[in-house]
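This briefing sets out the main features of the fold for a first reading. Please keep the sequence and the model in view while going through the points.

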Amino acid sequence: MMDSSSAVEYIYARTSGMLAKAFVGKRANKLFQAKNLADLWQIVFGTPAPAMPETLLAQSIEKEAENNFLKEYTSLVGAFDRPE
(Lines give C-alpha, C1' and ligand atoms only; values in the text may rest on other atoms or scores of the structure.)
Protein backbone atom coordinates (compact mmCIF):
# COMPACT_ATOMS: atom_id res chain seq x y z
CA MET A 1 0.00 0.00 0.00
CA MET A 2 1.02 3.61 -0.49
CA ASP A 3 0.94 6.50 1.91
CA SER A 4 -2.02 8.84 1.46
CA SER A 5 -0.29 11.55 -0.59
CA SER A 6 1.29 9.01 -2.95
CA ALA A 7 -2.05 7.26 -3.39
CA VAL A 8 -3.77 10.54 -4.25
CA GLU A 9 -1.08 11.38 -6.82
CA TYR A 10 -1.33 7.88 -8.28
CA ILE A 11 -5.11 8.10 -8.56
CA TYR A 12 -4.89 11.55 -10.16
CA ALA A 13 -2.45 10.24 -12.78
CA ARG A 14 -4.54 7.12 -13.47
CA THR A 15 -7.82 9.03 -13.79
CA SER A 16 -6.16 11.56 -16.09
CA GLY A 17 -5.05 8.68 -18.29
CA MET A 18 -8.51 7.15 -18.19
CA LEU A 19 -10.07 10.44 -19.26
CA ALA A 20 -7.57 10.79 -22.09
CA LYS A 21 -8.70 7.40 -23.43
CA ALA A 22 -12.42 8.14 -22.95
CA PHE A 23 -14.66 8.60 -25.96
CA VAL A 24 -15.60 12.22 -25.29
CA GLY A 25 -15.18 15.34 -27.37
CA LYS A 26 -13.40 14.70 -30.66
CA ARG A 27 -12.89 11.01 -29.82
CA ALA A 28 -16.66 10.49 -29.52
CA ASN A 29 -16.83 10.76 -33.31
CA LYS A 30 -15.04 7.39 -33.53
CA LEU A 31 -18.04 5.72 -31.90
CA PHE A 32 -20.35 7.10 -34.58
CA GLN A 33 -18.16 5.62 -37.30
CA ALA A 34 -19.10 2.09 -36.20
CA LYS A 35 -21.38 0.44 -38.76
CA ASN A 36 -22.34 -2.48 -36.52
CA LEU A 37 -21.73 -3.86 -33.04
CA ALA A 38 -18.62 -5.77 -34.10
CA ASP A 39 -17.08 -2.46 -35.25
CA LEU A 40 -18.10 -0.85 -31.96
CA TRP A 41 -16.44 -3.67 -30.00
CA GLN A 42 -13.22 -3.20 -32.00
CA ILE A 43 -13.22 0.57 -31.40
CA VAL A 44 -13.95 0.38 -27.68
CA PHE A 45 -11.95 -2.67 -26.63
CA GLY A 46 -9.26 -2.77 -29.31
CA THR A 47 -9.72 -6.48 -30.01
CA PRO A 48 -11.77 -8.38 -32.59
CA ALA A 49 -15.36 -8.95 -31.53
CA PRO A 50 -16.34 -12.47 -30.50
CA ALA A 51 -18.33 -14.32 -33.16
CA MET A 52 -21.91 -14.29 -31.91
CA PRO A 53 -25.32 -12.91 -32.89
CA GLU A 54 -25.69 -9.13 -32.51
CA THR A 55 -28.19 -9.48 -29.65
CA LEU A 56 -25.67 -11.45 -27.60
CA LEU A 57 -22.85 -9.15 -28.70
CA ALA A 58 -24.77 -6.13 -27.37
CA GLN A 59 -25.05 -7.86 -23.99
CA SER A 60 -21.36 -8.79 -24.13
CA ILE A 61 -20.36 -5.18 -24.84
CA GLU A 62 -22.30 -4.04 -21.78
CA LYS A 63 -20.80 -6.75 -19.58
CA GLU A 64 -17.23 -6.17 -20.84
CA ALA A 65 -17.54 -2.41 -20.28
CA GLU A 66 -18.89 -3.01 -16.77
CA ASN A 67 -16.08 -5.46 -15.96
CA ASN A 68 -13.44 -3.03 -17.24
CA PHE A 69 -14.89 -0.21 -15.14
CA LEU A 70 -15.02 -2.33 -11.99
CA LYS A 71 -11.46 -3.56 -12.52
CA GLU A 72 -10.15 -0.01 -12.92
CA TYR A 73 -12.19 1.28 -9.98
CA THR A 74 -11.04 -1.43 -7.57
CA SER A 75 -7.47 -0.87 -8.73
CA LEU A 76 -7.75 2.82 -7.86
CA VAL A 77 -9.42 2.20 -4.51
CA GLY A 78 -6.82 -0.47 -3.72
CA ALA A 79 -4.13 2.23 -3.66
CA PHE A 80 -5.43 3.26 -0.21
CA ASP A 81 -4.90 1.02 2.80
CA ARG A 82 -7.97 2.57 4.50
CA PRO A 83 -10.69 5.00 3.42
CA GLU A 84 -9.86 8.70 3.62
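Residues 24 or more positions apart account for 39% of the contacts (heavy atoms within 4.5 Å) in the chain with a separation of 6 or more. The model is predicted: local features need pLDDT of at least 70 and side-chain atom pairs count only at pLDDT 80 or more, while totals for chains, interfaces and linings use all residues. Residues are numbered from 1 along each chain as its sequence is written, and side-chain values use heavy atoms, with hydrogens and water left out.

**Overall form**
- The chain has four helices and zero strands, where helices (H or I, at least four residues) and strands (E, at least two) are DSSP runs numbered from the N terminus.
- The radius of gyration, taken over C-alpha atoms, is 16 Å, well over the 12 Å that the globule rule (2.2 Å times the number of residues to the power 0.38) gives for 84 residues, so the chain is more spread out than a compact globule.
- Along the principal axes, the C-alpha atoms fill a box of roughly 45 × 25 × 15 Å.

**Burial**
- Of the 84 residues, 11% count as buried, meaning under 20% relative accessible area (1.4 Å probe, protein chains only).
- In helix 4, the buried residues are Leu 57, Ile 61 and Leu 76.

**Helix 4**
- Helix 4 covers residues 54-77, which is 24 residues.
- From first C-alpha to last, helix 4 reaches 34 Å, close to the 34 Å expected at 1.5 Å a residue, the expected span being 1.5 Å times one less than the number of residues.

Notes: Buried means under 20% relative accessible area, exposed over 50%, partly exposed in between (1.4 Å probe, protein chains only).
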